[in-house]
Each structure stands twice: as structure tokens, then as C-alpha cells.
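Please read them with the structure open beside you.

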Amino acid sequence: MCLFAAVLLPAAPGKDAIAESGGSRTANYARPCEPAVHAAFLQLPPGAVEPAGWLRDWAESARDGITGHLDEWHPTFADGWKGTPIHAPGAKPDGTGWPLEQSAYWLDGALRLGFVLHDEALVRKIRARLDPVVEGVTRAEPGTTFIYWRHGYKPDGFEGWAHSQMGRALVTLYQGSGDRRVLDALVKVYADYPAGMGGIDLGGGDVSGLCNVDPMLETYSYCGDRRILDRVLRAFEQPGVAQALESWTAGRLSPGHTVIFYENMRLPALVYPWSADPSQINATLSAFRWLDENHTLPYGVASGEEFASGIGAFRKTETCDVTAMLLFTSWMYRIQGSREWGDRMERAFFNAGAAPVARDFQTMCYYQSPNRIRDGSLPCEQPNCPGPEGIRFHRLGCPTVLCCVGAVNRIIPSFIIHMWMATRDNGLAATLYGPCTVSALAGERVPVKVTTATDYPFGDRIRLGVEPRENVAFPLYLRIPGWCRAAQITVNGTPFAPVPDGRGFVRIARVWTKGDAVEIRFPMHPEAACGYETEFPSANRDYFNFEPAEVFRPRRLPYASVSCGPLLFSLPIPDTDPNTPAKDGRWQYALDLDPGKPDSGITVDRGPMPARWDWPLKSPVALLASARTFDWQPTDAQALPDRPVDGSASATIRLVPYGCTKFRISMFPVTPGTWLRQPAHGPLENPAASP
Ligand SMILES: [Zn+2]
């Protein structure tokens, strides 16, 4: 059987499903059951977008490294979901517990990677693990679950959450293979799943089985079994859930575990298209704005040392948070279709997606941070989960807690799957940029291949080569990134006005012919942004009780970060390996920019792309910025100076993409000139410096 039969062919709708849903068969890639409020974009099956160029190099490194081999390295991944007792961290005697969550992360990510690379060996390897789950459900009595097909067993608490991760992996398997038995298993489990799946708390530390809503709605969209949708809607009618959403909308939010925050806050937005209740998506948007404002770091993902820890130069982000953030934004992008979500996905992927993985993808770390100057935390080691090794690179991330080494495998393929999406007028939308080829139906169901040739984001030019099987009319949508001041577009050499619509997309509607080409340029300019390091949230003080008392007092420590296009730039501290910084690396600088000059006086230095991409320190794009040396001695209590510093000797520092560094400075102290001339950071009022 062809493993990729579903790439061009949307799943065939059942008659009953169409009748029940009111039917929407006109749009390519519309599901058999479409919601009352249509999502802006229609997802293409995994495998429709295949990476090329530097992105393929990186994806293949994942396949040849952690993603392709994790089951050979630890029993959690060798034996999770086999229904047998295993000896692994957090495992219960029957093989449930942590390994169910962690190995489901890996199975889902590795399967996605196999599909996007069209790597049959990897897909077969993961199917050999997922098919027994499907077969177990198929053989079981009604009322079963994915967890060992026990009769009458209803997972709750952690097991309910782990169950949702297997549901997500099986949805991926169905989308990529079109295998009806997989869909039947999903329907069998979710048509009889408990309606009370758990709460939707954002401020706590408990994972929720309510995340099963995600695979349930996907399953319903393919099968139309009303029992599944009813269970989802009833879950959201629980009094505690409704009250929680009211609190989010009113801005009454408290920082909790960041993975849980990202996973849970998207759920009302997922339900909104089916309920047509706008208060649900508004609750999600309110929660997101709050997280963004209070905890998001310059690489585009919130801090999460398990629990949210505010904004700070050495605050950390768990790698699971990167995965969860991309999952959240990809759903919001599908539903709302606005470029902001594309901008945010690129920001997180190109920066926070790369930094926690070694250049050869053989090791990774549990925590990354904007600034990393030594092999270890600053200065006290995080003694809680996962323990002191959390910021070191290791084949298993952190060997005592294996969530991140499972979740990291979802980052690359989840981004690739969403680089192109279908539109309701049977067009195709370039939603995220990078080298790839999309093969999909467009117009009147004509197979079309669009090849994206580019070094983006390391270059600013993109060429789309359009190859329809026959001449076909359809609209091509191009996202104009929000940071781009003056996009340039030509179609077969003729300029096309780059005027975006309300969602930030340019629409090019024409009859496309083999050999048509769209040339795009998104000029990138260096930009400095100023902000404040803030205090640790008092709500999480018990968890962070190992930190000095000062960091819980209100603080406004000025910093600046530098970006160019979607890339965050950092001063690299050279390394000999991901855990060993060079002894002579210099990093004690304050940024000394002149916002009166074009691009604040920062210049761009471009060179050729390497033959094979591995996030090199010798990056093909670098920035040259002015700085001043000063005696900066960061401590945990005082990571950045209270105020702008004059510094002494002037220097020109060379910045490279954050994702190319393993040790770096990304949140810089500032000189008075940098600070005073930067708009939008507000007055310098530092409560920590007040008596
Ligand atoms: Zn993790």
C-alpha cells in the first residue's frame, strides 16, 4: 500500500456525515463535517509539504539523530504504549504514567517527520508501534480507550492527558495514511469517552484530560458521529470550565505551568467554530495576550521553568513549551487566518526551535535561556524538575525527566506541515516561508506543485515555481510578514502590487501555467527593541523558593534585543561543544546604538549559505552593532544593571542568529543613548532601585 495515498486526496466523506453537517463539498480539503463557523484555512495532510534546502538538511539531521533513534536509547521510548510493565522514570507497575505521555510525544513527532520527509522506513517504524494500539481498540469491547484497551477503564488525571497525546498521534496517522481502520479506532474510543474530561485551569500545575478535545474534534470532522461532538460541547458546559473562561476574558489570570497554559488556553478557540460562541475564542485571545505581555521572551516563547517565571535575561524556557507554543499558534492560524500567527510561528521556530538542539541533532537540552554564559544555570541550579542538569545538552535532554526529548521531535515537522494551507476558494496559501515543495489540489481539483526556492530566513528572496498538471485558475495567497516594510512581488517578471488584505495576505488570482514564477523579496532591516526584565511572579513563589528574595520584588531592569526579519540575533560565545564555552569568549557589553541612524546604525553582513545546514556559528548572515564594554557581573539576584550604563571602550560586536548559538547574550544591558532614543518601552521607573 502506498504510504502517502492521502497526500493529494482528502478523506472521502460519508453520506451521513454530509447530511448531518449541512455538507461542504465544494472546497478542496474541506472535511466531511465542517463547523458552523468555518476556519480560515484548511490543513493539508502531512506529507503534502516536503522540506528542501537548509530545512531538509535540518529535518534529516533530526531523522538521523534523536527523532529517528530515540527508541534505541531508552525503555520509555522502546516500550511505551506496548501495554507491558517497563522500568523507566515515572512508570507505574502496569507501564502507565510518564512513559505514556513522553513516548506518545515521540511517536507523533517521528511519524510527522516520516511523512514530511516521505521516509518510508521511519513511517514503517512508527506504524509498527501505533498499529497494535489501533488493533487493540478494534478487538476490544465498546467503551475502551487507547490505554491497553481495558474494558470499563476511563482515564483521568495524568492518564487522561497522556491519552490525548496518543489521540493526536493517531489523528496524524489517519491524515497521513488515509487508513480507515485508524479512523474507526478513533471513533470507537471517542464516541464513548467520558464527557467530564477534566478542568481547564491555567494557573495550576495539573495537566488536563480536556486536551482530548483536540483529537476528538479532528475525529468528528472526518466521521460526523454526533456523540463525539456532544461530549466535547458538554465538557465545555461544566460549571468550572465556563467560570474559568469568564476569568480569562476579564484578565483574571495567574501564571502556572507553561506547557499547560499553552495547551489549555487553545481549547476554547478550538471549540468556537463548532459552538459559534465567540466568547470562547475571545477567552483564548485574552489569555494569550496576558501571557505574551508578562512572560514571553525575545525568542517568541514564554518562560517556563516548568512554571512561568516572568521576563528575564537568564530565565528559562522548557523545550516542551516550544512545541506547545507552535501547536497553539498553528491552531490559531488555521482558525483565524491572520498573518500575526504566521509571524509568531516563524519567530518561535527559527529561534527557540533551533537553540535547544545540538547542531548534529544528537543531543538536546531541557531548558534554553536568552543569555547563557556558562555550563550551568546562573548562579543557582534549578533544583526542581528536572534538576540541575536541565540546561546541559544530553542525548536524552535531561535523563531524569524525558518529556522534552519526546516533545522536541514535533517541532520541525509541525512547522513544515503548516508552511502551506488550502483556502476555501480552492486556492493555496503560503503561510510560513522556507525552502519546500507543496503538492496539493487547487482550483477544480487539479494537482499543483509549487516549489519554494529560498534561503529564508537567512536570505530575503523567495522564488515560487508553479507547476500545475494542466492550466488551472486558482488564487495564490502570500503572507506579507508584519515586520516587512516594503515587500516586492513580481509574477513572471511583471511587478504585482504587494497590498495585503485585512489578514495580511496578498492574493494573486490567475490561470496558472507550467513554468509560472512568482519572485518575492521581503527586505529585512535590523531592529532593536527595548524592554524590562521583570520580577518572578509571586504566584509561583513557593515553586521558585530556591531563588533569592530580591527577584520577587517588583523590578524594571532595562534591556535591548536585536532582530532582523523573523530572526533574533545574539552575541555568540564560541563553543567547542554544546556544553563547553570557549574560555576567551567576551560578552561583557552594553548595546550602544544610535536610533538616529538608519537601522540604529546596525549593518548587515551576508555571505553564502553553507553546503549543508547545521546552524553554524559562522552564519551566512550576521549583524554588526556598536557596544561599550563594562564590568558586568550578572548574578541570580541582579542579572542586568538597574539602569543604563555608560561603559568604557567602544567596540563593534558581531551578532549571529540566536539559533546558531549554544552560549550567548540576547538580552543586552544598554547605554543611555540606546535607551532614551528607543520608543515604546515607557519611562524608566525601577521599583527595585527605590528605597
Ligand atoms: Zn519537557
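1. S330 sits in helix α15 (residues 319-336), helices being DSSP runs of H or I of at least four residues, numbered from the N terminus. With 5% relative accessibility, S330 counts as buried, a label given under 20% relative accessible area with a 1.4 Å probe and protein chains only. A polar atom of its side chain lies 2.9 Å from the backbone oxygen of L327. Leaving aside residues up to four places away in sequence, S330 touches M345 and H418, where contact means heavy atoms within 4.5 Å.

2. The model is predicted, with local features needing pLDDT of at least 70 and side-chain atom pairs pLDDT 80 or more, whereas totals for chains, interfaces and linings use all residues. Residues are numbered from 1 along each chain as its sequence is written, and side-chain values use heavy atoms, without hydrogens and water.

3. Helix α5 (residues 98-117) packs against helix α6 (residues 120-139) at an angle of about 145 degrees, their axes being 8 Å apart; the axes are lines fitted to C-alpha atoms over the stretch in contact, and angles run from 0 to 180 degrees between N-to-C directions. The contact involves W106, L107, A110, L111, L113, G114 and F115 of α5, together with L122, V123, I126, R129 and L130 of α6.

4. For helix α7 (residues 157-177), the 21 residues should span 30 Å at 1.5 Å a residue, and the end C-alpha atoms are 31 Å apart, which agrees; the expected span is 1.5 Å times one less than the number of residues. Because 19 of its 21 residues are buried, α7 is largely enclosed by the rest of the structure.

Notes: Helix = DSSP H or I, 4+ residues; strand = E, 2+ residues; numbered from the N terminus. Buried < 20%, exposed > 50% of the residue type's maximum accessible area, 1.4 Å probe, protein only. Polar contact = N/O pair within 3.5 Å; in protein donor to acceptor, adjacent residues only side chain to side chain.
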